[in-house]
Structure formats: structure tokens, C-alpha cells
Amino acid sequence: MHWINLTLLSAFFLATADTLSKRYLSHYRPGELVLVRFGVSGALLLPLLLWQPWPALSPAFWGWIAIALPLELLAMWLYMQAIRTSPLSLTLPYLAFTPAFNTLTGYVVLGETITWAGFSGILLIVFGAWLLNVNSAQKGFWLNILAPFRAITRERGSRLMLFVAAIYSLTSVTSKGALLHTTPAFFGPFYFVILGGASVMLFASRDVSSWRALGNHRLAHSGIGLCMAVMVVTHFYAIEHIEVAYMIAVKRTSLLFGMLYGAWLFKETGLLKNMLAGVLMVLGVFLIVM
């Protein structure tokens, strides 16, 4: 299967996992949602991990994993906080800021030059974020421009997802570092099995109620875990055929799938405006990675 098809499937299943989490498990605590997302998918991916031969894993690989794990768990905890409390159309699109943060940190920390295409991409992402909140614009020229940005700070889910995007800009670096020492087909299931084990130790080892929660809504748990597992497999098989940056750019279409789900299942309004904003943000991501 072509890498674009694999990536679109990965984006679709990620958005579906987000939607199922919000629709059926929004009453869960964020830690319990992390446990479902990582724990169930890790259990489903464990046979795939055990089935394939293990490469030699260098100390450098384990070093990257040690850095990535706490960041990944924190990002998912904030992610779950965001989607359970705010509309999908005002949370998922802010993941598009991840490559923008990558570009800016690369410029500040490493002195990497931002191309005109990259700068234009950042502007498109920012404008898309502005358009998502354009209904909050007030009277007066300057207030009309600034009010949508102020609305982002008032929407808790939007703020949290911006933090998630910033963390993912770091985990994208750690994942690339780990991938230098193994293969994508091995790393995908391995990483999520390790994340599943870490989430159990962090969120369930000292809290009996979290284990009780896993005994409920088993069909929803299975659906979310399966979506996450398919997302992982298609994600890392796509990486085998194309550069990571291009694959991630296409995968950001998950925010468009999420907006469609939001309008369909949660009756979120302003679909055309939100989709236009989402398309602009995805185009911005493409410009950055070009």
C-alpha cells in the first residue's frame, strides 16, 4: 500500500480514537484515559512485537527512550484533558503547531534558518488558529484582529493542546533519535508496549479505582485500543517508505477527520469555517516540511 494511503488511514484511526474517547469515556479521569489509550493498544501490539526478531538495542537507543517516555505520557495526559473538556474543533487543530514549534526551536537553539516557505507555513497555521475563533471578534479594528487570539487563552482545551503540540515537537526529536538505532517496524509496537507498561505503573499501580474503571465500557476500551494499534502500525509502515516529515504532514489531516466527527456526533457548529481553518493549518504544515 502506498505511503499516503497508510498515512491517511493512520490519521483516520487517530481521529476515531479521539472521538470514541470523548463520546464514551469523557467522565474518566485523564490518567484513566491514558491507561486505556496506551495500555490497551500496548496489549494488542504485544503479539506483533514478540512475533518479530528483535534487533540489537544500543545504549543510545535506551537513552532516547528514557527521555521520550515521560514526555509522551505527559503529552497524552494533557491531550486527554483537552478533548474531554473542549470541542474537537477547538482542540485537535492546534496539533498543527507542532512543526511550527519545531521550526522556531530549531532557529533559536540551533541557528537553523527558516525558509520563506516555512515562514509562510507558520503564518498559515496562525491564521487558521485565528479563523477558528473568529466568532469572538469584537467591534473596533484592533479588537477584531486580537479577540480571536484572546479566545484561545480562554478556551482551556485550546491552551492545553498548544502545550501538547510543544511537547510533541520534542518527542518528534526523541523518536527520530531512537529510530536511528532500529527499524520502524520494530519501534512502533515496541514503543507502545513500553508506553502501555509505563502508564500502568504510573496511573494504575497505586489506584485500585483505575483498575475498576477498566472493567467497565469494555467495548469502548477495545475500540479505542484497536484504533490506536492500527494507527501505530500504519504510521510506522508509512515511515518505511517516506521521510518522517512528509508523513507527519499528511497525518495532520487527522484534525480534519476530527472536525467532521465533531460536527456529526457532537453537533459542533461552524463546520465550513472550521474546515477552512483546518485546511489552512494543514497546508501550513506542508509548507514547513517542504
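Colleague: Why does phenylalanine 190 count as buried?

Modeller: In this predicted model, where local features need pLDDT of at least 70, side-chain atom pairs count only at pLDDT 80 or more, and totals for chains, interfaces and linings use all residues, the relative accessibility of phenylalanine 190 is 2%; buried means under 20% relative accessible area, exposed over 50% and partly exposed in between, with a 1.4 Å probe and protein chains only, so phenylalanine 190 counts as buried. Residues are numbered from 1 along each chain as its sequence is written, and side-chain values use heavy atoms, with hydrogens and water left out.

Colleague: Why is the pair of tryptophan 62 and phenylalanine 190 called edge-to-face?

Modeller: Rings of Phe, Tyr and Trp (its six-membered ring) pair if their centres lie within 6.5 Å, and planes under 30 degrees apart count as stacked, over 60 as edge-to-face and the rest as tilted. Here the centres are 5.6 Å apart and the planes stand at 75°, so the pair is edge-to-face.

Colleague: What makes this pair a tie between parts that are 128 residues apart in sequence?

Modeller: Tryptophan 62 lies in helix H3 (residues 59-85) and phenylalanine 190 in helix H8 (residues 184-203), so the pair ties those parts together; helices are DSSP runs (H or I, at least four residues), numbered from the N terminus. Both residues also belong to one aromatic cluster, which includes Phe38, Trp54 and Phe236.

Colleague: Why is H2 called oblique to H10?

Modeller: The axes of helix H2 (residues 30-51) and helix H10 (residues 218-239) come within 8 Å and cross at roughly 60°. Angles under 35 degrees count as roughly parallel, over 145 as roughly antiparallel, 65 to 115 as roughly perpendicular and the rest as oblique, which makes H2 oblique to H10. The residues of their contact (heavy atoms within 4.5 Å) divide into 11 nonpolar, 3 polar and 1 charged.

Colleague: How do you know whether threonine 98 is buried or exposed?

Modeller: The relative accessible area of threonine 98, a residue of helix H4 (residues 97-110), is 5%, and threonine 98 is therefore buried. Not counting residues up to four places away in sequence, threonine 98 touches Ala165, Tyr168, Ser169 and Arg252.

Key:
Axes are lines fitted to C-alpha atoms, for helices over the stretch in contact, and angles run from 0 to 180 degrees between N-to-C directions. Helices (H or I, at least four residues) and strands (E, at least two) are DSSP runs, numbered from the N terminus. Ala, Val, Leu, Ile, Met, Phe, Trp, Tyr, Cys and Pro count as nonpolar, Asp, Glu, Lys and Arg as charged, and the others, Gly among them, as polar.
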